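Please walk through the structure shown here, moving from one chain to the other and ending at the contact between them.

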Amino acid sequence: MQSSPAQPVSTTEYLMFRVATERYALASTPVREIMRWRAPTPVPGAPPLLPGVINQRGQILAVIDLRLLLGLAAAAPDRATRLIWLHHGDIDAALLVDAVDDLIPIDAAHLEPPPANLTGPAQRVIHALFRHHDQPVAMLDPAALFALVQEAA
Amino acid sequence: MILLIETVARRYVCRQHDVDSVGLATQAEQDERGRRIMRHHLGPLLDPADPPASGRLHALTINLRRRVVELVVPRVDLLAEAPVIVPLAPFLTARLRLPWANGVALLDDQPVIVLDLRRMAADLALGLRLAHA
């Protein structure tokens, strides 16, 4: 009996989190830190999508409200609300999400293309789907997220 | 030199050279050169949740060619030590309705917005306001 050569497995860790009733994930590489919510300092003239800035150990981070970026209604923060420090390219920012769930390894072979019927901001920022406990999780592209922030009205 | 400005609800900083004078607020309608004085409470101009101040008020005065803009606040202090100021992230600056904020200072580990009062005065003289004001 011959043993077959081991297949290369491309596994990446993803951070899963929730916004409204939907579950999302980001590759852990651009994630620097997860922080409890605290009130950001508002910047006069900034849109509601960018509710202010915070200081995280000397780094000033602009907060991005992911609900508003995805076209959902704003929600008051609660005990589960978290800020995800994202670093991508030369941009650092804190992504405001409703809750952070888990860090999980995902095999690239298990990723599915995004549904063809996506519209609006979701179509821009969701680059793949996977199933976790039979629930769909939308994977976000940080470059697309930041591009959308710069364009969003 | 950096000025620490306190409104009713918030703190801001500005560069002293952006301001021509700081003194007690008056009710004068014109300055000694006959220029009309435009007087505004700074807090509510910047934040709808920041109410107008009352009591003993200070005015940050910015002289323009044909106008004088007085921004009224409860308190102004000269900071003994200049804080580290970092620019706003470009993607945030690009989204500002009016470019009245141009940096962030850290005071007691809290971010404090740096205001460009000269730009603000010029915009106010032209009748420009943030959407809420």
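What percentage of the 133 residues in chain B do buried residues make up? The model is a predicted one, and in it buried residues account for 32% of the 133 residues in chain B. The fold of this chain uses three helices and ten strands. Read from the N terminus, the order of elements is β-β-β-β-α-β-β-β-β-α-β-β-α. Along the principal axes, the C-alpha atoms of chain B occupy a box of roughly 40 × 30 × 25 Å. A compact globule of 133 residues would have a radius of gyration near 14 Å, and chain B, at 14 Å, agrees with that. Of the contacts in chain B with a separation of 6 or more, 57% are between residues 24 or more positions apart.

One residue of chain B shows such packing in detail. B:Ile5 sits in strand β1 of chain B, which spans residues 2–6. This residue counts as buried because 26 C-beta neighbours lie inside 10 Å, where 20 or more are required. Leaving aside residues up to four places away in sequence, B:Ile5 touches B:Arg11, B:Tyr12, B:Val13, B:Cys14, B:Leu42, B:Val73 and B:Val76. B:Pro74 is 69 residues from B:Ile5 along the chain, yet their C-alpha atoms are separated by 8.2 Å.

Next comes the helix α3 of chain B, residues 117–125, whose buried residues are B:Leu117, B:Met120, B:Ala121 and B:Leu124. Viewed down the axis of α3(B), these buried residues fall within an arc of 100°, so they line one face of the helix. In an α-helix there are 3.6 residues a turn, so residues three or four places apart point the same way. The cover over the buried residues of α3(B) includes β2 (11–15), β4 (36–41), β5 (58–63), β6 (67–73) and β10 of chain B. Just after α3(B), B:Gly127 adopts a positive phi of about 85°.

In α3 of chain A, residues 142–151, the buried residues are A:Pro142, A:Leu145 and A:Val149. They fall within an arc of 55° when seen down the axis of α3(A), and therefore line one face of the helix. On the other side of α3(A), A:Gln150 and A:Glu151 are exposed.

Chain A also contains a hairpin. Its strands β9 (residues 126–132) and β10 (residues 135–140) run antiparallel and are joined by six bridges. Within this pairing, A:Leu129 stands opposite A:Ala138 of β10(A). Two residues lie between the strands of the hairpin, and A:His133 has a positive phi near 50°. An unreviewed UniProt entry lists residues 11–151 of chain A as "domain: CheW-like". Over that range the chain is 14% helix and 49% strand, and the end C-alpha atoms are 32 Å apart.

Finally, the two chains meet. The contact draws 22 residues from chain B and 17 residues from chain A. On the side of chain B that touches chain A, the elements giving two or more residues are α2 (90–93), β9 (101–107) and β10 (110–115) of chain B. The largest share of that side, four residues, comes from β10(B). By residue type, the side of chain B that touches chain A comprises 17 nonpolar, one polar and four charged residues.

Technical notes
Residues numbered from 1 in each chain as written. Chains lettered and ligands numbered in written order. Predicted model: local features only at pLDDT ≥ 70, side-chain atom pairs only at ≥ 80, totals over all residues. Contact = placed C-beta atoms within 7 Å. Nonpolar A, V, L, I, M, F, W, Y, C, P; charged D, E, K, R; others polar. UniProt positions renumbered as here; feature names shortened; annotations may be inferred. Buried ≥ 20, exposed ≤ 12 C-beta atoms within 10 Å, placed from the backbone. Arc of directions from axis to C-beta. Pairing = 2+ DSSP bridges. Rg over C-alpha atoms; globule rule 2.2 N^0.38 Å.
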